[in-house]
Amino acid sequence: MLRFLTGRLLRAALTIAMVVTFAFIVLRLSGDPAQIIMGADAPPEAVEAFRAAWGLDAPLWQQYLRYFGAILNGDLGRSMRDGRDAITLVAERIPATLALTIPALVIKLSIGIPAGILAALHRNSLLDRLVMALAVAGFTVPSFVLGLLLVLVFAVQLGWLPSGGQESWRHAILPIITMGVGGAAVLARFTRSAMLEVLGQSYIRTASAKGVPWRDVVWGHALPNAAIPTVTIVGFMVGSLIAGAVVVESVFSWPGVGRLLVVAVANRDLAVVQCILLLVAGTMVASNLVVDLLYGVLDPRLRAGKMGAQ
Amino acid sequence: MADVSPITPPAFTEAPKRQRSRLPLPIAFALGWLGLMLAVAVLADLVSPYAYTALDLRNRLSPPIGLGGTWLHPLGTDELGRDVLSRLISSIRTSLLIAFGATLIGAVVGTSLGLLAAQFRGLVEQAVMALVDFSASLPFLILALAVLAFFGNSLVLFICLLGLHAWERYARIARGLAISANAQGYAAAVRQLGASAWRVQGRHVLPNIASTLIVSMTLAFPEIILLESGLSFLGLGVQPPATSLGSMVGYGREYLTRAPWILLSPAAIIVTTTFAVSLLGDWLRDRLDPTLS
């Protein structure tokens, strides 16, 4: 178990290191940041001074080492626009993003998983068809279209809810629904196919043939086995919470990390983009790590056996 | 019963076959819709009533037919008096071009890397799999945003960038399938006959694993349409004066209360197209993928 854990941790660290390197390479490939920030017609002395101030005049490998060292020290640079620490700027926005993404996650889990299980247990029934039709509709409608349709109906036509901003809890309702619906659809579809696969296994038939009541077969044999692939996709959803917030926050002018990212990309505020990149990679890696540990809890076979062979 | 001939008449064996080969209604719809979209994209200049940038200042924000509009502008106009139908046609062309280009790039890059990994194993495989892990560790939207922030935007870069979407999926599938195909008799046989690695992979292994890859392409295609329209919606994808389905929606958002038709028609096209491709993909997967029962 300890060896498994260290292996996983090493891989997580390697991934983060790759993301940092990626950010650095892309950053330096993209042209001279000094020129970009100062504008094409800035006086050369000002550009030189800017380079010296940000350490852009050192050889590339030195810049890379310094960059890596700074990140290890938790220094992610300052926003090239307003001079504040990028990490503070991002950290300020995190609560607003969590205020949307956590309720949305609850919606996804509490609708998606039961719907998928029910659909699988009543395969080809009316309920199954309904769930699947809704699921397909849920993930073919992109979140910005769904969000705008909700605004059109509930804010413009009916006037029940505000269309954007962050003044009260009522402003959060439409964005949370927008985020929750798509994820619930994906989860329902996934849970259904995981369940169907398990229900087709011979151990289910054996358990039924032995006379185990169907309810116990489902709870004792089917659900624990279907949980394993479902945990993977839930882990992926947790890891990509911030990415999912990018579009929805923009639709509803919600001042979270996603909105910050879009503005930073449009302004080419590279320190902030980098910081969010690392934050996203960090959440993704952390949630993958938790998922891997959960596998061990859920499936005793994996604790001893090989993890790579899937 | 006794005097019924033991040889079944041919009519009886053929009937169910013909029935099975008939297209289910949703698939016929999906194919028809995609055919229509393709035709519109190819014939854009011929079917478009106006140039997509042409202004008609006397008919600004005029509503579509059914909401008080005229046949002059069947789907209405935007606030500069540009014809929504013409812009829609141009957008369909741009969005489909990007989606096709990007899907092809992703499939070619991913499959080649996967086959390379399967052919050479060892260090090459390790490197490819490390890249796969890296790709899987970041949501693609974030990666794309970072690249756009760093490099700015151009249509070619944008297509290549979207082409990287899902490459790791093809790589993983191609590698797994090719490894098992390599272990089968036919690959060993052509190798014994002296065929080069290139020939074994390209002429023998690839055709045998193609159906699964084609299914992944139909699954990646709508995702790319959604990604493109999402990024263009945010103003970070296709740049004006070019227009795509997503940028039309993003632009129409500002007129949501006064002229919702500007965004409703491209939104409907996005939803219908992704829906049609998903239907087709699911159906193809059921028919082609031998691993599903």
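B:Ala166 is placed in the loop between α7 (155-163) and α8 (167-182) of chain B; helices (H or I, at least four residues) and strands (E, at least two) are DSSP runs, numbered from the N terminus. B:Ala166 has a positive phi of about 70° although it is not a glycine. With 24 other C-beta atoms within 10 Å, B:Ala166 is buried. A residue counts as buried if 20 or more other C-beta atoms lie within 10 Å of its own, as exposed if 12 or fewer do, and as partly exposed in between, with C-beta atoms placed from the backbone.

The model is predicted: local features need pLDDT of at least 70 and side-chain atom pairs count only at pLDDT 80 or more, while totals for chains, interfaces and linings use all residues. Residues are numbered from 1 along each chain as its sequence is written, and chains are lettered from A and ligands numbered from 1 in the order in which they are written.

The C-alpha trace of chain B spans about 75 × 70 × 30 Å along its principal axes. Of the 293 residues of chain B, 43% count as buried. Two residues are in contact if their C-beta atoms, placed from the backbone, lie within 7 Å. Of the contacts in chain B with a separation of 6 or more, 69% are accounted for by residues 24 or more positions apart.

A further loop of chain B, between α10 (197-233) and α11 (245-252), holds B:Pro241. In contrast to the buried B:Ala166, B:Pro241 is exposed, with 8 other C-beta atoms within 10 Å. B:Pro241 and B:Thr53 are 188 residues apart in sequence, yet 7.6 Å separates them in space, C-alpha to C-alpha.

Chain A comes to 14 helices and zero strands. Of its 310 residues, 35% count as buried. Among contacts in chain A between residues at least 6 apart in sequence, 73% join residues at least 24 apart.

Within chain A, helix α11 (residues 241-251) packs against helix α13 (residues 270-298) at an angle of about 130°, with their axes 8 Å apart. The axes are lines fitted to C-alpha atoms, for helices over the stretch in contact, and the angles run from 0 to 180 degrees between N-to-C directions. α11(A) and α13(A) are therefore oblique to each other; angles under 35 degrees count as roughly parallel, over 145 as roughly antiparallel, 65 to 115 as roughly perpendicular and the rest as oblique. On the side of α11(A) the contact is made by A:Leu241, A:Ile242 and A:Ala243, and on the side of α13(A) by A:Leu279, A:Val280 and A:Thr283. These residues divide into five nonpolar, one polar and no charged. In this grouping Ala, Val, Leu, Ile, Met, Phe, Trp, Tyr, Cys and Pro count as nonpolar, Asp, Glu, Lys and Arg as charged, and the others, Gly among them, as polar.

In α11(A), 11 of the 11 residues are buried, so this helix is largely enclosed by the rest of the structure. The buried residues of α11(A) include A:Glu249 and A:Ser250. Just after α11(A), A:Ser253 takes a positive phi of about 45°. A:Ser253 lies in the loop between α11 and α12 (257-267) of chain A and is partly exposed, with 13 other C-beta atoms within 10 Å.

The two chains also meet. The contact takes 34 residues from chain B and 34 residues from chain A. On the side of chain B that touches chain A, α5 (122-137), α6 (140-151), α10 and α12 (261-288) each supply at least two residues. The largest share of that side, nine residues, comes from α6(B). The side of chain B that touches chain A divides into 25 nonpolar, seven polar and two charged residues.

The largest nonpolar core has 143 residues, of which A:Val272, A:Val273 and B:Leu145 touch the most other members. Such a core is a set of buried Ala, Val, Leu, Ile, Met, Phe, Trp, Tyr and Cys residues joined through C-beta atoms within 7 Å. Helix α4 (residues 84-120) of chain B gives the largest share of this core, 14 residues. Not counting residues up to four places away in sequence, B:Leu145 touches A:Leu261, A:Val265 and B:Leu236.
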